[in-house]
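Here are my notes on the model you sent over. Keep the viewer open while you read, and go through the points in order.

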Amino acid sequence: MTLTFGTDGVRGRAYDELTPADVELLARTACRVLDTDTLVVGTDTRESGPDFVEAICRGAASAGVTPWVMGVVPTPGVAFAAARYRAAGAMVSASHNAYYDNGVKFFAPGGRKLTDEQQHAIEHDLETATVSVGTPEVPVPGDDRVDLVDEYVAWLDTTATGGDANGLRVVVDCANGAASGVAASVLTARGLTVEVINDRPDGTNINRNCGSTDMTGLRARVLETSADLGIAFDGDADRMLAVDRHGDFVDGDQIIGICALDLHQRGRLVDDTVVVTVMTNLGFRLGMAAHGVNVHETPVGDRYVLEALLANQW
């Protein structure tokens, strides 16, 4: 079997390019390479998600690993649970792709993205795998751990420091995806007045004319309601873009710049350094330099950004 990791996991057309049998074998192989006894499993809202979660549970169980099933949860929620319980993680999602695609993102024990070496080891073992997969008609249930979603939401509240959000009016576009069940509660707990749109997933409407891939509706709603801010997630809620009160788009470079300058002004930006990929534009670099903020550059991929942050405690 040949499966190749992209910049963020394995993905393809569900039931065609990537089948439940593929996912089962992938999960079994990943569990062995990652040498874990527990695998935290989450999914976004695609109609193929339950079948793929079940396949992951079969693969994990066949490797002697206990799967903990969180259910629908943002990808960062899986990373959070994996970090908190020193478990490996698997997120069933094709991110910003349409509903008919699906995939799997893995986290190493402790919630870290896989290293190149771990990915290559999984790919190599898959190429030589000859063991048959289980019978789809015989489901292998994982341990129901929806309580971990509540733990994730509670933890998010502890990360918000500085500033007073009371009375701020925000429109949130959940892309009919993984953020649909958690975004409103997280933000209202901080004192924001929240209107949520595109939070009614039906299995096929994830990312469809909504979310961070199509912000037309969010922009219109911010202007209609005179909101202060609009936030748009992608399908698995590990990507966020925004619009300001005037309906102007606020992209990733601007968001990172806002956060970096806020921390810098409050004396909380370690080594006055912000980490970005080579895709970040020159304007960002010039803007940071004008405020005395250093810019450290990594290859494309959030795992490289994370590696730099952790290695230098930035």
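1. Let's begin with Asp 236: is this residue buried or exposed? Asp 236 is buried, at a relative accessible area of 0%. On the scale used here, buried is under 20% relative accessible area, exposed is over 50%, and partly exposed falls in between (1.4 Å probe, protein chains only). You'll find Asp 236 in the loop that links strand 10 (229-233) to strand 11 (240-244). Helices and strands are DSSP runs numbered from the N terminus, with helices being H or I of at least four residues and strands being E of at least two.

2. A word on what you're looking at. This is a predicted model, in which local features need pLDDT of at least 70 and side-chain atom pairs count only at pLDDT 80 or more, while totals for chains, interfaces and linings use all residues. Residues are numbered from 1 along each chain as its sequence is written, and side-chain values use heavy atoms, with hydrogens and water left out.

3. Back to Asp 236 and its partners. Its side chain has a polar contact with the side chain of Lys 105, at 2.5 Å. A polar contact here is a pair of N or O atoms within 3.5 Å; within protein, one must be able to donate a hydrogen and the other to accept it, and residues adjacent in sequence count only if both atoms are side-chain atoms. Setting aside neighbours within four places in sequence, Asp 236 also has contacts (heavy atoms within 4.5 Å) with a list of residues including Asp 44, Pro 74, Thr 75, Met 91, Ser 93 and Ala 178.

4. Ala 237 sits in the loop between strand 10 and strand 11, and its phi is near 60°, a positive value in a residue other than glycine. Ala 237 is buried, with 11% relative accessible area.

5. Asp 35 also has a positive phi, near 50°, and is likewise not a glycine. Asp 35 belongs to the loop between helix 1 (20-34) and strand 2 (38-43). Asp 35 is exposed, at 68% relative accessible area.

6. Now for Asp 144, which is in strand 7 (residues 143-144). Asp 144 is exposed, with a relative accessible area of 59%. How far apart in space are Asp 144 and Val 69, C-alpha to C-alpha? The answer is 5.2 Å, although 75 residues separate them in sequence. The Asp 144 side chain also reaches the backbone nitrogen of Val 146, at 3.3 Å.

7. Thr 225 is in helix 7 (residues 216-225) and is partly exposed at 26%; a polar atom of its side chain lies 2.8 Å from the backbone oxygen of Arg 221. Not counting residues up to four places away in sequence, Thr 225 touches Arg 169, Val 171 and Glu 195. Gln 254 is in helix 8 (residues 252-265) and is partly exposed at 40%; its side chain reaches the backbone nitrogen of Asp 251 at 2.8 Å.

8. Ala 184 is in helix 6 (residues 183-188), and is partly exposed with a relative accessible area of 31%. Leaving out neighbours within four places in sequence, Ala 184 is in contact with Val 194 and Val 196.

9. Finally, the whole chain. The secondary structure comes to ten helices and 14 strands. The radius of gyration is 20 Å, close to the 20 Å from the globule rule for 314 residues, so the protein is as compact as a globular protein of that length. That radius is taken over C-alpha atoms, and the rule is 2.2 Å times the number of residues to the power 0.38. Of the 314 residues, 47% count as buried. Among contacts between residues at least 6 apart in sequence, 68% join residues at least 24 apart.
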